[in-house]
Amino acid sequence: MKKHNFYAGPSILPEYTIEKTIEGIKNFAGTGLSVLEVSHRSKEFVDVMKEAQQLFKELLDIPGDYSVLFLQGGASTQFAMVPFNLLNKKSAYLDTGSWSSKAIKEAKGFGETVVVASSKDKAYNYIPKDYQIPEDADYFHITTNNTIAGTEIKEDIDSPVPLVADMSSDIFSRPVDVSKYALIYGGAQKNLGPAGTTFVVIKNDILGNVDRHIPTMLNYQTHIDKGSMFNTPPVLAVFSSLQTLKWLKNNGGVKAAQKRNIEKATILYDEIDRNKLFKAAVPNPEDRSLMNITFVINEEFKEYEQEFLDFTSQYGIIGIKGHRSVGGFRASTYNALPKESVEVLIKAMQDFEKKIIS
Ligand SMILES: *Cc1c(COP(=O)(O)O)cnc(C)c1O
């Protein structure tokens, strides 16, 4: 049976990425060797790194004074690396979910950290709108897409201080005005590639303002200076991510991806709003994520929660159980998820409604 993969991460990748990765593992760039066993200093791999950085810049229309890095350690390492490199006196954070709060916890270890607003009071089911960013902060950090709660900041905000964004789960889902950001980071494993690499888009001139010693590997400058090739990069994850970037380009780039993402999310949210069994976890449509669509079963039908999960598995639907910290359901509708999969989920929801309420 065809599988419909709604996992939140690692998550669905384009068929193209999988096929090209298999080819590269067997015979990389005509070398007769696997991409797993060639030197990262070989011309063939250096070309992969350069092309991945170049395509990343092209697809997001990144200005010339920024670098694109492929590091390791996941977005979680960035939670510490950002304040390590940027926090001199004071940092400011918007607390929109568990990932934000983990980032805040790390920043506190490096200096004064102001949480300008938090949606924790309502289980992170909205994006705070009224807040003041302190003008003397070294930077302001946001999480654009809250993978667990299912909220998203869908527009590039204005900040009086350098803006830093965790875009782990919505990078390449829409056009971004990168010039509004000083730094953008994320794990590849949501919308870009396999687990194992962390992308960082960094404005070259934002560094050098902290007094502390920064270990070589945790210093962005090290990686900027060496074109992300200071030490052995995660070769397979970068190679595979490059295939997704090519796929995205062949499919019309981020604007076209955004259009498809809006279409998928709209039909699914419409069904959640219509269906008598379910309700959206995020009440305000403006704050609803286009990537992680969270919903719950209405209180009166609570006993059918597990039955619904079992029911959907008969349709080939995988991965819609909500995050263990919030429960309910979460359908992740990343770039690579075809609209057809969303239609199958909608059909399952309608069939289940008929079964329960008849
Ligand atoms: C998945 C995720 C993370 C954690 O990423 P790791 O690469 O596992 O460290 C951080 N932030 C957001 C928004 C995420 O979705």
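Q: In which loop does Pro-10 lie?
A: Helices (H or I, at least four residues) and strands (E, at least two) are DSSP runs, numbered from the N terminus. This is a predicted model, where local features need pLDDT of at least 70, side-chain atom pairs count only at pLDDT 80 or more, and totals for chains, interfaces and linings use all residues. Residues are numbered from 1 along each chain as its sequence is written, and side-chain values use heavy atoms, with hydrogens and water left out. Pro-10 lies in the loop between strand E1 (4-5) and helix H1 (15-26).

Q: Which loop holds Phe-172, the residue with a positive phi?
A: Phe-172 isn't a glycine, yet its phi is positive, at about 65°. You'll find Phe-172 in the loop between strand E8 (163-166) and strand E9 (183-187).

Q: Where does the ligand sit?
A: Pockets were searched on a 1 Å grid over the protein atoms alone: a pocket is an open set of points where a 1.4 Å probe fits, with protein on both sides within 12 Å along at least five of seven lines. A molecule sits in one if more than half of its atoms lie within 2 Å of its grid points. By that test, the ligand sits in the largest pocket.

Q: Which residues come nearest to the ligand?
A: A residue counts as near if one of its heavy atoms lies within 4 Å of the molecule. There are 13 residues around the ligand. Those that come nearest are Ser-76, Thr-147, Asp-166, Gln-189 and Lys-190.

Q: How far is a polar side-chain atom of Thr-147 from an oxygen atom of the ligand?
A: A polar contact here is a pair of N or O atoms within 3.5 Å. Ser-76 has a polar side-chain atom 2.6 Å from a ligand oxygen, and Lys-190 has one at 2.6 Å from a ligand oxygen too. For Thr-147, the distance is 2.4 Å.

Q: Which helix gives the most to the shell around the ligand?
A: The shell divides into 3 nonpolar, 8 polar and 2 charged residues. The top contributor gives 4 residues and spans 74-86: helix H3.

Key
Polar contact = N/O pair within 3.5 Å; in protein donor to acceptor, adjacent residues only side chain to side chain. 1 Å grid on protein atoms, 1.4 Å probe; cavity = no way out; pocket = protein on both sides within 12 Å on 5 of 7 lines; lining within 4 Å. Nonpolar A, V, L, I, M, F, W, Y, C, P; charged D, E, K, R; others polar.
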